[in-house]
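The following note collects points for a colleague who is examining this model. Please read each point with the structure in view.

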Amino acid sequence: MSLLFAPECTPFAIAAVMLAGLTAIEILAMLLGFSISEMIGKPHAPHTDGHEGVTGLLSWLNVGGVPILILILLILGFFSMTGFVIQAIASAFWAPLPALAASIPAVLLAAPMVRASSRMVARIVPRDETYAVDLSEFVGRTAEVAIGPLDQGLPGRVRLKDSHGNWHSLRAKAAKDQPPLAGGAKVLLVDRAADIFIAVFAPDELLDTARSSLGENS
């Protein structure tokens, strides 16, 4: 426990605090209908422009393959974890290393962990992220209110599948003439303003058609 507050562990303690803070902010933002991950966006795959060494490293870390917030959380988490482990082992056999001396092997050990974890995450996360398809594809589709009720205030969230059967979580508000749309309600996305969709109650005939289509496909 003493290592947590030791000067030799300051870089790893800072990384742990940043990890906890970013995670808490993202959870709070999602409850309010926002997403820090979506605001930051997905990093573009690195291009080669004469800096093959840096580009190769970024590509090796899977930059561009997962949302940048998740990549940041992985880097902070593994750097903090490996740093504390290094200092604990050094303390057990002799004495804690200077912060800089411990940070170098922590970075070297964390890098392959970040790479392996980001590749695993990339297989899962894009299936539930809006950057995987064009946002305009969702206008005219039915969805279910996941975080609501939806009104004309802060946006909530709806869930729906795209044409490939992948789930997406979208920010949405109720249309101006709509009463609050409760959680679990089936809604129709009729428009969007930037990345916020406008929803109305889904007409019964539209839901009946969707059920019939599902029955035929099964």
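1. Gln-87 is buried, with a relative accessible area of 0%; buried means under 20% relative accessible area, exposed over 50%, and partly exposed in between (1.4 Å probe, protein chains only). This residue lies in helix H4, where helices (H or I, at least four residues) and strands (E, at least two) are DSSP runs numbered from the N terminus. The side chain of Gln-87 comes to 2.9 Å from the backbone nitrogen of Leu-97.

2. On the basis of the note: this is a predicted model, in which local features need pLDDT of at least 70 and side-chain atom pairs count only at pLDDT 80 or more, while totals for chains, interfaces and linings use all residues. Residues are numbered from 1 along each chain as its sequence is written, and side-chain values use heavy atoms, with hydrogens and water left out.

3. Helix H4 spans residues 68-93 and also holds Ile-89. At 46% relative accessibility, Ile-89 is classed as partly exposed. Together with Met-81, Val-85, Phe-93 and Trp-94, Ile-89 makes up a nonpolar surface patch with about 650 Å² of accessible area in total. Such patches consist of residues with over 30% relative accessible area and no salt bridge, like charges being joined within 9 Å and nonpolar side chains (Val, Leu, Ile, Met, Phe, Trp, Tyr) within 5 Å. The areas come from the Shrake-Rupley method with a 1.4 Å probe, and for residues only the protein chains shown count as cover.

4. How many salt bridges does a search of the whole structure find? There are three, a salt bridge being a side-chain nitrogen of Lys or Arg within 4 Å of a carboxyl oxygen of Asp or Glu.

5. One of these joins Glu-137 and Arg-141, with an N to O distance of 3.7 Å. Glu-137 is partly exposed at 26% relative accessible area, and Arg-141 is partly exposed at 27%.

6. Another pairs Glu-144 with Lys-186, whose closest N and O atoms are 3.0 Å apart. This pair links distant parts of the chain, 42 residues apart: Glu-144 belongs to strand S1 (residues 142-147) and Lys-186 to strand S4 (residues 186-193). Glu-144 is partly exposed at 34%, and Lys-186 is partly exposed at 39%.

7. Asp-195 and Arg-171 also meet through their side chains in a salt bridge, at 3.2 Å from N to O. Here 24 residues separate the partners, with Asp-195 in the loop between S4 and strand S5 (196-201) and Arg-171 in strand S3 (residues 167-174). Asp-195 is partly exposed at 32%, whereas Arg-171 is buried at 8%.

Conventions. A polar contact is a pair of N or O atoms within 3.5 Å; within protein, one must be able to donate a hydrogen and the other to accept it, and residues adjacent in sequence count only if both atoms are side-chain atoms.
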